[in-house]
Every structure is written in C-alpha cells, then in structure tokens.
Amino acid sequence: MRFDKYEWTAISIMVSLFIFVGFIQGWSVSLVILNMCIISAIMTMGVNISWGYAGVINFGVMGFLAMGGLAAVLVSYPPIKEAWQVGGSGLGISFILLILLVIAVFFINKLVEKKSHKYWFNGLVILFGLIIIRYFFLDATAKIEEVDPALAGFLGGANLPIIFSWVVGGFFAGGVAFVIGKVALGLRSDYLAIVTLGISEIVVSVLKHEEWLSRGVKNVIGLKRPVPYEINLQNSEWFINMVTWFNSSKLNNIIDPDTKQEVLNNLIIDGSGIFVKLNYALLFFIVMVVIYYFANKAQISPWGRMMRAIRDNEVSANAMGKDIVKQHLIIFVIGAAIVGVAGAMLVTLDGLFTPSGYRPLRFTFIIWIMVIVGGSGNNLGAIFGGFVIWFAWIEVAPLTTFLIEIFTSGMDPQNAIRLHLLDSVPYFRYLLMGMVLLLILRYRPKGIIPEKVRHS
Amino acid sequence: MIDFINSIVVLLNFVIIPGLSYGSQLALGALGVTFVYAVLRFANFAHGELMSFGAMITILFTWFFQSQNIGLGILPTALIALPFGILATIVLGLLSDKFVFKYYRKQKSVPVVLAMVSIGVMFVVNAIIRIIVGTETIKFSDGQKFIMKAKQFKAMTGLNEGLALKSSQVITILITILLLTFTFWFLQKTKTGKSMRAFSDNEDLALLSGINPDRVVFITWLIVGTLACVAGTLYGLDKSYKPIIYLNLVLPVFASAIVGGIGSPFGAVVGGYVIAFSEIMVTYAYKKFFKYLLPESLEPSSLVQLLSTDYKFAVSFTILVIVLLIRPSGIFRGKVL
C-alpha cells in the first residue's frame, strides 16, 4: 500500500481538519466527530466494495446498519430469564414449524413439475403454515411483551462483551443480504436500487414493531461498553497520576493548594471524557485499518480483477466462464456484512439502540454521497469521502449561522427573514449535500480520489 | 338482509372509500414517475420532493388567499391556489431538467447515474422546502370538512353503521378522474401525445421521423409537474401536509409504478390502486365486518387482522417483490408509453 502524492494530500487534509477543530472547538468535539467519521468510513467501504468493485447497487444500507445494531443488543444485553420462561417454548415451536414450512416448500419445488401448479401448492402451504405458526407465535410474543414492560418486555441477549457484536453484526447483515440478493440480484440496476431501498425499509419496520426481539420503539438503553466508564476513571489512581503528569507544568504554576486541587479536578473530568473517546477512536481505527487492508488486498487480487471485469463488461466476463450471478451475490453479501459491522459499532458508540432513528435520508443516501464524492472503486477515496462528508454534515451548521449573521448584518436583528433563516440552519446541510453531489457528478464523476487501475 | 347491508357499509366506510382516495393519490404520483421513466429513461427519486414542493407552493398561496378573504365557500381554498402550485412545480421541473438532467441526457449516461443525480436533486429540493416551511405538520384544508357525516347517514337510512364521506376524498377522486381522462385522451388522440409515445417507444426512429426531442421533454415536464403537484396537494389535503412524509411516500409510488409495469401509464394507475387497496385490506381488522355476516355462534373473538397497521409500508414492498419475482415487467408489460 503505497500512497501517491495525491493521496497523501487527502490524508493530511483529513488530519489537519481534526486538529483545527480540536484547537477551535475543543478536543472533545473533535473526537466525537472523528469517531463518527471512522464509522462512516467503514460504512462507505462496505458500499464501495459492492458498488465500486462490482457495480452492484446497494440502497439497503439503512437495513444492514439496523441489523448490526440488533446484533449489538442481542450479544451484549443480559438475558431476561422470565421472558424466556413464559415465551421460550412457544417461540421454539413456531421456529421449528417455520423450518418445517421451508422444508415443505423446498420439496414442493422439487417434486411438482408444472409451473402454475407450483405457485398454487406453494401459496396454499405457505398460507396454512403461516396461520398455524401465527397461533403459537402471537401467544408467545404477547406473553414476552407483558414481562415487566417498563424495563424489559423482550428476550434480552447473550450477556457477552459488546465487542463480539461487531463480528456478529457482520454475520446478521450478511445473512439478510444473502436472502435479499437471492431474491433481487437478477434485476436491472435501477430496479435493484428501489427494491433494496424498500427491503431495508421493511427490515427497519420489523425491528420497530417486533418488541419481543428488539424492544421496538421503546428502545434499548444502557448497553455495555468496550471501554472504561468516566466515573471509574475519575476515581482510579493511575488516571489521576497520568493527568497530573500531563499537566504538570500548568499545575506547578499554581501555588494555592485549594485552587490547584480544583483545577486538577476539572482537568480530570475533562480528561476522562477525552480518554474514553480516544479509546473508542483507537478501537474503531483498528477495525478501519484491518478492513481497509483486506479490502485493498482483495481489490488487487485475481478475484478483484475478475470483479472489475464483471463490472466493466458483464457479457464478456460471462463468456470467459465467470458465474456472474454468484459473484454478484458474494460481493453484495460482503459489502452488506461490512456495513453491518459499522452498524454494530454505531450502536456501541451510542450505547443505545433506537430503531425509529433509522431513516433513509440519513443512513442510506448520505452514505452514498460519501462514496460518490470520495471516489467509487478506491478504498482510500471511500474513507476520505466518509470523513469529509461527515465532517461537513456536522460543521456546516456553525458555518451557515456565521454566514447568515454576516449577510443579514445590515438588517434589523428582529427582522422576520433573518430570524426564519437562523431557525432553518439545520436544513442547510441537506442543501450542501445535494449541491456537492450534483457538482461532483457533473465535474468529477469519478470522485475526488478516482479509482486506480493497476495493470499487473 | 339488514346485517348484510350493514357489513357492506362497514367495508365501504373503512376500506373502499379510503382505498379509492389513497389509490388515486398513488396513481397520480406513479403516473408522473412512469412518464419520467418512459421519456427521460431514469428512475426519478426526486419525484416525492416534487410532489411536496407543489403542495408547499399551494399551501403558501392558500394562506395568501385566506388572508385576502378569498375563498370558495364550502370547497377548500386550496383549489384556487392549485394552479399556482402546478405552475411553480412545472417551473421547478424544467429548471432541474435544464441545469441538471439535460447534461446527462446529452452524454447518454447510464440510467443509474441519472438516478444518482436525481438523488442530488432530491436533497436540494428537500432542503429548499425545509428552509421555507420547516418540518412542522401543516393543516390547510378549510371549507366544509364532511359531505356526509356518519350520524347523518345513520339517521337517513336507519342502519347501525355510519358512512362518513370527507369532502377531501370526494375531491381527490373527482380530480383524479378528470386528470386521468385528460392525460389518456392527450396520449391517444393528439398529435403531440402520439409523438411522445413514439419517442418513448423508439428514440432513434422518432428522431428520424422529425419529432423534436426538446419539445417532447418540455411537454413531459409539463405533465409530470401537473401530476406531481396535484398528487402532493391532494395527499396533503386528505391527511395534512408534512414535508418529511413525502420521502416515505416515494416508495409506495415507485412500487405502484413498477407493479403496474414501469413506463406504462395505464399500469401505473392500476398499480396505484392495487398498492393502496392491498395496504389497507391487509392491515384492516375485519372483526366488525364478520360480526354482521356470521351467525352469533361463529363470531370472531380476535380482530381478524392479517398484519398490524405498523406494517403498512412493508405491504407495498412485499407486493413489489412478489410481482418482480413472478412477472418482472409488471402487470401490464411496461417500458412503452
């Protein structure tokens, strides 16, 4: 992985942006933005793998993120024993029945020859099967949701460290992507966009309303953390020593012991917040680098070349004996799995799971803008897009406030237009995103850091 | 016998009339999507925002007329404001075409790139709408709310069940019939309509026969702007206007267009009603309906609801997926206008 001049510029721009914000708005703000930037970059790499490598469109980002989030809940939350006792058997029965139903449908497809008969048989079996399953299922879920609804009301999870969920989230999202891909990947690209968008909407609405599984709109709060809590840090000896050591010059200048203690306490409180965020940033950064490394390796491998061949000319790749449907499915699943990892990390960072927070504008289209702006087909470009767009998304609000203040400085402070504009500051970010996307597509359609085609 | 009529009235009141008005709104929206797809050849993700924009301009003019005390009596003031909204929506469509879509059309870009571009347009229009009116829910229907209230109906017929008829529903259905008749007449009978159909069927052949492509594109935006503004306004009139809701509405609209066969205007209309009725019928609780039909001993104890109303949006997509699997080109083989 050697970067050329251009890429070094991009990296140094990213680093200097955070240092700049750190000095202007404080290191805490800078780190909050940095953490989200890294997560966005991972999402972007996931989309980039399916779109940039193979040209498979994936508008289901939101759904895969939500699946990753669900994984975080199911892995880390302590199990709710009572709920398992009242509803476990019913759920088990309906699960077994569901498997039987799938097997039955599978056999019907094998045994019945004529196509029209197949539909009728399948339809009837599925209908009756679902009615029977519903009977057990609704009963069990109703019982589960009655268990302590204010605090629990769902099955809980496996009580494992939340960091495992990053892998599990990948598998969850990949599994869902496998089903979607099986159904939809034969479609033309713009149909595929709409279908994946719709299915992600279905995934989120299932998570929103199946309360026995995800607690639905009641949200799951207080998830475990992979990093220490601030309050524990503030009371631990080594951390206090570290803060003292870091600020020794500043503290030594203060002579009065009471003021000194007060200053030190404030420094410890600030420092603990920053330390926690730094830990998150470190963990996320490791994941990002690992994914980046393997994604790059894959891209320059024979497999990556095959993917590029399929993307650039499907017909001739097919003629060379490549199984296009299978390869499309594989890369769709891999891309979705990486998005799922990012989804689990997102929930880990927030410490809470809110299914109603998943909206397509924020979690599908913005990610796509990141990919297009950064440069599809180039992983560093994808990371760069993720960083820059998320940075802009956050920092555009203070910037527009500043600009509006300047432009309306001649007006009366109570002027209606001025007040209205200041009220609608948060919406200017959508304007900026749209404009950026349109300009990039028009004048630099390959993105800021275009794909490098290596001839080896 | 009276029980039977009662059950029919229940169905009319809760399923058929809401389904018809929601279906009309979807049909108008889907028709716009289909027009863009057939003539300009891309999936326009910005269509929802176009609808929202039209509704917003209509609302602004409605407020203006209300402040000037101009009204239509029992009819909502929005009807006078509607032409202004249509005009603004057409202008927006033409501007977006001139500054954005035209370049890619001349470049002969692939449809996916145009779809991406339309997402950019969606963001910009979305931002403009939010900057102008914010994100609050706006109710702008005035005039007489009901043509017939449930109580009046009960008193009139002596039945147990009431049938309420909202004026917004009746207006929606009437305007839809009017607009659809006009559109189909235009496509089938006029020379311009025929040239549009030729253009969508085979672009090169149409160019050879001397059809002016710029004129066809212009007319398309006229129609699309009109349809989008009317659909958006009617939806807002019926439910209440909320800028964010139109992004969600674009999904069932697309589903309708594809289910009917994208590119086929008749298919889009049918698809709209199919999606609307299936959304409502699958999530409606039939308990009351069966209460009248079945003898007392067989009366259902549960709600007799196939899916909870939470899954309303999921239904349209399930249908879309099923249709695409069984018959990928939609109910009425699409692609040609």
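A salt bridge here means a side-chain nitrogen of Lys or Arg within 4 Å of a carboxyl oxygen of Asp or Glu. With that rule, B:Arg41 and B:Glu203 pair up through their side chains, at 3.5 Å from N to O. The two sit 162 residues apart and link distant parts of the chain: B:Arg41 is in the loop between helix H1 (2-40) and helix H2 (47-67) of chain B, while B:Glu203 belongs to helix H8 (residues 203-208) of chain B. Helices in this account are DSSP runs of H or I with at least four residues, numbered from the N terminus.

A word on where this comes from: the model is predicted, with local features needing pLDDT of at least 70 and side-chain atom pairs counting only at pLDDT 80 or more, while totals for chains, interfaces and linings use all residues. Residues are numbered from 1 along each chain as its sequence is written, chains are lettered from A in the order in which they are written, and side-chain values use heavy atoms, leaving out hydrogens and water.

Over all chains, the search turns up eleven salt bridges. How many of them cross between chain A and chain B? What the interface does have is 44 residues of chain A in contact (heavy atoms within 4.5 Å) with 43 residues of chain B. The buried area, meaning accessible area (1.4 Å probe) lost on putting the two parts together and summed over both, is about 4000 Å², and carbon and sulfur atoms give 75% of that. On the chain A side, A:Tyr191, A:Ile194 and A:Arg442 lose the most area to chain B, together 17% of what that side buries.

Now for the helix packing inside chain A. Helix H2 (residues 27-54) and helix H17 (residues 379-407) of chain A have axes, lines fitted to C-alpha atoms over the stretch in contact, that come within 7 Å and cross at roughly 135° on a scale from 0 to 180 degrees between N-to-C directions. H2(A) and H17(A) are therefore oblique to each other, as angles under 35 degrees count as roughly parallel, over 145 as roughly antiparallel, 65 to 115 as roughly perpendicular and the rest as oblique. Among the residues that meet are A:Met36 and A:Tyr53 from H2(A), and A:Phe387 and A:Trp390 from H17(A).

Helix H10 (residues 237-246) and helix H12 (residues 257-300) of chain A pack at about 105°, with axes 10 Å apart. That makes H10(A) roughly perpendicular to H12(A). The contact includes A:Trp238 and A:Phe239 of H10(A) and A:Leu264 and A:Phe275 of H12(A).
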